[in-house]
Amino acid sequence: MTDVSRDAGHDIETPIHLFRRFGIEVLIADQESAVVEMSMPLAGMRNPFTDLPTVGPLGVLVDAVSGLSNHFRCRDAEWTVSTELAIELSPEGSERATAIGASPVVASGRLLGPRGSGSALSVCTLTCDGVVIGAGTVRSYYVTPDTLDLNEPPETVSKSHNTSLAELMAVEPMPPADAVRVLRQHIDPFLNNAVGVINGGVASAGLELAASATVNTGGAPMRTASVRVNFLRPFYGGDRSRYEAAPLRIGRGTAVADARAIGEDGKPAVTARVTAYR
């Protein structure tokens with residue numbers, strides 16, 4: 001595993017302890033070229049609503065890889081925050097990545113064009129067992145925060161071979177209300193980034209879980225094909241923090257759902273549109 005925690009004076013955007021939580025391995029992290037490659041296993045991860053295999057945690061991997069590629073272009077006193085994240089999967093990508101015994105998904109990222117005055121865009125290719133299964137992009141904005149917390153909090157989950165995804169993400173599915181699915185986001189310092197808010201990849205995963213659940217209410221499973229996320233404002237875990245999703249359309253072979261991460265103040269902090277196919 002490549003040590004990127006103190007690379008040429010740069011601390012990485014996604015905390016190292018979050019890598020351990022989700023089993024992410026750093027394969028390449030080249031600051032000069034901004035090329036980044038990491039892997040993460042998806043086999044065995046399941047949606048807490050439906051108990052179906054899920055690709056939701058790919059949000060964590062894509063945000064870590066493409067976010068770091070953008071982060072490597074920080075100037076002095078700057079930090080990066082994700083403003084947009086997108087994932088596109090091939091028709092068989094979801095099934096291949098989540099199959100029993102599947103190899104970890106590998107994300108290989110690089111900058112897409114030069115850094116702008118205040119933002120950067122990076123793209124990553126997703127492969128599993130050497131087969132391309134999709135791609136992801138992250139757009140980051142450069143900020144100069146007043147404070148950064150780079151300390152590692154104490155672990156809050158005793159991981160074992162049967163630790164659930166819900167435990168890793170500190171989320172709890174609530175009873176369904178009509179077509180809406182609600183996933184509570186509890187406080188867990190392990191999920192926060194250096195500016196004190198829930199990591200963007202974790203929030204993206206929560207949105208996908210809720211959206212996938214709202215379109216999988218019967219029949220053959222709908223498999224996620226695309227996720228498009230916008231980060232509107234900081235999202236904090238708390239007593240009223242949650243992910244909410246409702247379907248826009250559920251057809252015979254395809255479905256579209258919208259999801260929102262709602263903060264303690266009742267305002268949407270992160271939004272996503274998820275498309276799925278049978």
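Is arginine 260 buried, partly exposed or exposed, and what is its relative accessible area? Arginine 260 comes out partly exposed, at 38% (buried is under 20% relative accessible area, exposed over 50%, partly exposed in between, with a 1.4 Å probe and protein chains only).

A note on the model: it is predicted, so local features need pLDDT of at least 70 and side-chain atom pairs pLDDT 80 or more, while totals for chains, interfaces and linings use all residues. Residues count from 1 along each chain as its sequence is written, and side-chain values use heavy atoms, with hydrogens and water left out.

**View 1. Arginine 260 pairs with glutamate 244 in a salt bridge.** The closest N and O atoms sit 3.5 Å apart (the rule: a side-chain nitrogen of Lys or Arg within 4 Å of a carboxyl oxygen of Asp or Glu). Arginine 260 is in strand 11 (residues 254–262) and glutamate 244 in strand 10 (residues 242–250), 16 residues apart (helices, H or I, of at least four residues and strands, E, of at least two are DSSP runs, numbered from the N terminus). The count for the structure comes to 10 salt bridges.

**View 2. Arginine 21 and aspartate 188 form a salt bridge, at 3.2 Å between the closest N and O atoms.** Arginine 21 belongs to helix 1 (residues 16–22) and aspartate 188 to the loop between strand 8 (181–185) and helix 5, so the pair ties together parts 167 residues apart in sequence. Both residues are buried.

**View 3. Glutamate 88 meets arginine 228 in a salt bridge of 2.5 Å, N to O.** Glutamate 88 sits in strand 3 and arginine 228 in strand 9, 140 residues apart. Glutamate 88 is partly exposed at 34% relative accessibility, and arginine 228 is partly exposed at 48%.

View 4. The whole structure has 0 disulfides (a pair of cysteine sulfur atoms within 2.5 Å would qualify). Cysteine 124 is in no disulfide, and its nearest cysteine sulfur, in cysteine 128, is 14 Å away. Cysteine 124 is buried at 0% relative accessible area, and cysteine 128 is buried at 1%.
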